[in-house]
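Take a moment to turn the model around and get your bearings. Then let's walk through it together, piece by piece.

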Amino acid sequence: MDSTFVKYAFAALTALAISTTAASAVEQNCRFIQAKPDREACYKRQEEELAAKRKPAAPANESKTLETLHQMRQDDDAVYRSINNICRGC
């Protein structure tokens, strides 16, 4: 194998390992805080972040979908009224 390829591969793997370790460390950092109020605040922030991630975005999207369906129904009704006035047997 080419030594430059091995060097780049090793550098890329090292960067990947460091980035995944840092991400997991961010989630675990609250238990190492010594001051109780700061530790509880940290846990509260993590709980809020998790709740925000778990919160479904469907209700906001659902209202938009219902509004779109209502508008489509109104458009369909207008088209049906205009078609009704067309003479089909003339």
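Lys36 and Glu40 sit four residues apart in helix H2, which is about one turn of the helix. Their side chains meet in a salt bridge, with N to O at 4.0 Å. The term salt bridge here stands for a side-chain nitrogen of Lys or Arg within 4 Å of a carboxyl oxygen of Asp or Glu. Side chains of opposite charge can pair when their charged atoms come close. Glu40 has 45% relative accessibility, so it counts as partly exposed; buried means under 20% relative accessible area, exposed over 50%, and partly exposed in between, using a 1.4 Å probe and protein chains only.

Before going further, a word on what you're looking at: this is a predicted model, where local features need pLDDT of at least 70, side-chain atom pairs count only at pLDDT 80 or more, and totals for chains, interfaces and linings use all residues. Residues are numbered from 1 along each chain as its sequence is written, and side-chain values use heavy atoms, with hydrogens and water left out.

How many salt bridges does a search of the whole structure find? It finds three. Another one joins Glu48 and Lys44, whose closest N and O atoms are 4.0 Å apart. These two also lie in helix H2, four residues apart, about one turn of the helix. Glu48 is partly exposed at 46% relative accessibility, while Lys44, at 53%, counts as exposed.

For the pair of Asp77 and Arg73, move to helix H3, where the two residues lie four residues apart, again about one turn of the helix. The closest N and O atoms in their salt bridge are 3.8 Å apart. Asp77 is partly exposed, with a relative accessible area of 28%.

Now for the cysteines. A search of the whole structure turns up one disulfide, meaning a pair of cysteine sulfur atoms within 2.5 Å. Cys30 and Cys42 form it, with their sulfur atoms 1.8 Å apart. Why does this disulfide count as left-handed? Because the torsion about the S-S bond of Cys30 and Cys42 is about -70 degrees. Cys30 lies in the loop between helix H1 (3-28) and helix H2 (36-54), and Cys42 lies in helix H2, so the pair ties together parts that are twelve residues apart in sequence. Are these cysteines buried or exposed? Both Cys30 and Cys42 are buried.

Ala41 is found in helix H2 as well. With 33% relative accessibility, Ala41 counts as partly exposed.

Over on the surface, Val79, Tyr80, Ile83 and Ile86 form a nonpolar patch with about 380 Å² of accessible area together. Patches are made of residues with over 30% relative accessible area and no salt bridge, where like charges are joined within 9 Å and nonpolar side chains (Val, Leu, Ile, Met, Phe, Trp, Tyr) within 5 Å. Ile83 belongs to helix H3, residues 58-84, and is partly exposed, with a relative accessible area of 34%.

Time to step back and take in the protein chain. It has three helices and zero strands, and from the N terminus on, its elements run α-α-α. Helices (H or I, at least four residues) and strands (E, at least two) are DSSP runs, numbered from the N terminus. Of the 90 residues, 2% count as buried. The accessible surface of the chain is about 8400 Å², and 60% of that belongs to carbon and sulfur atoms; such areas come from the Shrake-Rupley method with a 1.4 Å probe, and for residues, only the protein chains shown count as cover.

Finally, the confidence. The chain averages a pLDDT of 78, and 76% of the residues score at least 70; pLDDT is the predictor's confidence in each residue, from 0 to 100. Among the elements, H2 has the highest mean pLDDT (90) and H1 the lowest (69). Where pLDDT is low, the predicted coordinates should not be read in detail.
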